[in-house]
Amino acid sequence: MLSVDIKGITKYYGEQKALDNINLSINKGEIVGLLGPNGAGKSTLMKIITSFIPPSSGSIKINGYDIREDTLKIKRLIGYLPESNPLYHDMYVKEYLDFVLHTYPGHGKAKDTINNIIKLTGLELEKTKKIGALSKGYKQRVGLAQALIHNPDILILDEPTSGLDPNQLVEIRKIITDLGKEKTIILSTHIMQEVEALCTRVIIIDHGKIVADDIPNKLSNTYNKNTSYKVEFKEKVSKKIMENIADVDKVVSLGKNQWILTSTSNKDLRENIFKFAVKNKFNVLSLSAEEQKMEDVFHRLTQ
């Protein structure tokens, strides 16, 4: 079932084209990572999907509703956590969530709903505090709580883990993963580990256009033309000597006789490394392929 159906979306700010003919379909249950350098058009696309700003041309349907004709219905279907995370700092956490919930019609049992969301986002110990007194990480949790408070079908999260410590990261990632089993989630982030840990699909935008759209593993295999191997020798080996290994284009020292050897032409270096070791009477203690990283794919597509 399609949750988001985007056709030919273009957006101008004056004469500047922020989005250029975006076509995109997202199904229920997908966790989609929206990546791109600053100014690529990610936030503009999110604001259009949430009906905060109109497109210059094109159409979007959310669960079958058109963003031009059914704006209020769409806003009830979407939970939005913007990057700036605007909050009322003079309000208490529980008071603020109650206020947000009552902006939606048919909120039901408000007390139970608020308590459940507070528990889900780990705000039990902070619920009676003023928002302005919270750390950045807990303010981020309050922002996530307000996005979830009305039980939306679709979550739009712009940098959702900004300011969280490592322990909080694990907790919030688990929440997002669990929510993704029954909701559609679109999240924007600059943290590549976030994408690899959370997303079932990755969309990369550059200069207002989609330049890649696939599952993370396929993106890495398709667009990363480098192969890298980590090798450890028993003996001390100089960088200069290893630069002469056939098909090796880059040599990086990891210390303790460990090296990363890279071929930019996607060559399998293992045979050449062993030939080099035999010829020079070096002992190879370990040799393993390095996983292709989303960060490398991102650089290749947006530089």
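The structure is a predicted model. In the sheet, the strands follow the order β12-β13-β11-β14 with antiparallel pairing, while elsewhere helix α3 (residues 93–101) packs with helix α5 (residues 136–148).

**The sheet**

- Four strands make up an open sheet, in the order β12-β13-β11-β14, and their pairing is antiparallel. The edge strands are β12 and β14 (284–289), each of which pairs on one side only.
- On average, and with direction ignored, neighbouring strands of this sheet are turned by 20 degrees against each other.
- Strands of a sheet, in general, pair through backbone hydrogen bonds, and they do so either parallel or antiparallel.

**Strand β13 and its partners**

- Strand β13 (residues 258–263) is largely enclosed by the rest of the structure, because five of its six residues are buried.
- With strand β11 (residues 227–233), β13 pairs in the antiparallel sense over six bridges. Along this pairing, Thr227 stands opposite Ser263 in β13, and Ser228 has Thr262 of β13 as its bridge partner.
- With strand β12 (residues 250–255), β13 is joined by five bridges, and these two strands also run antiparallel. Here the bridge partner of Ser253 is Trp259 in β13.
- β12 and β13 form a hairpin with two residues between the strands, and in this hairpin Lys256 takes a positive phi near 55 degrees.

**Helices α3 and α5**

- Two packed helices are described by the angle between their axes together with the distance between the axes.
- For α3 and α5, the packing angle is about 25 degrees and the axes are 9 Å apart. Angles under 35 degrees count as roughly parallel, so α3 is roughly parallel to α5.
- α3 passes α5 in a right-handed crossing.
- On the α3 side, the residues Val93, Tyr96, Leu97 and Val100 meet Val142, Ala145 and Gln146 in α5. Taken by class, this contact has six nonpolar residues and one polar residue, with no charged residues.

**Leu120 in helix α4**

- Leu120 is found in helix α4 (residues 110–120), and its relative accessibility of 38% means that Leu120 counts as partly exposed.
- When its neighbours within four places in sequence are left aside, Leu120 is in contact with Leu148 and Ile175.
- The C-alpha atoms of Leu120 and Val248 are separated by 50 Å, and these two residues lie 128 residues apart along the chain.

How values were computed
Residues are numbered from 1 along each chain as its sequence is written. This is a predicted model: local features need pLDDT of at least 70, side-chain atom pairs count only at pLDDT 80 or more; totals for chains, interfaces and linings use all residues. Side-chain values use heavy atoms; hydrogens and water are left out. Axes are lines fitted to C-alpha atoms, for helices over the stretch in contact, and angles run from 0 to 180 degrees between N-to-C directions. Angles under 35 degrees count as roughly parallel, over 145 as roughly antiparallel, 65 to 115 as roughly perpendicular and the rest as oblique. A crossing is left-handed if the near helix is turned anticlockwise from the far one by less than a right angle, and right-handed if clockwise. Contact means heavy atoms within 4.5 Å. Ala, Val, Leu, Ile, Met, Phe, Trp, Tyr, Cys and Pro count as nonpolar, Asp, Glu, Lys and Arg as charged, and the others, Gly among them, as polar. Buried means under 20% relative accessible area, exposed over 50%, partly exposed in between (1.4 Å probe, protein chains only). Two strands pair if DSSP finds at least two bridges between them.
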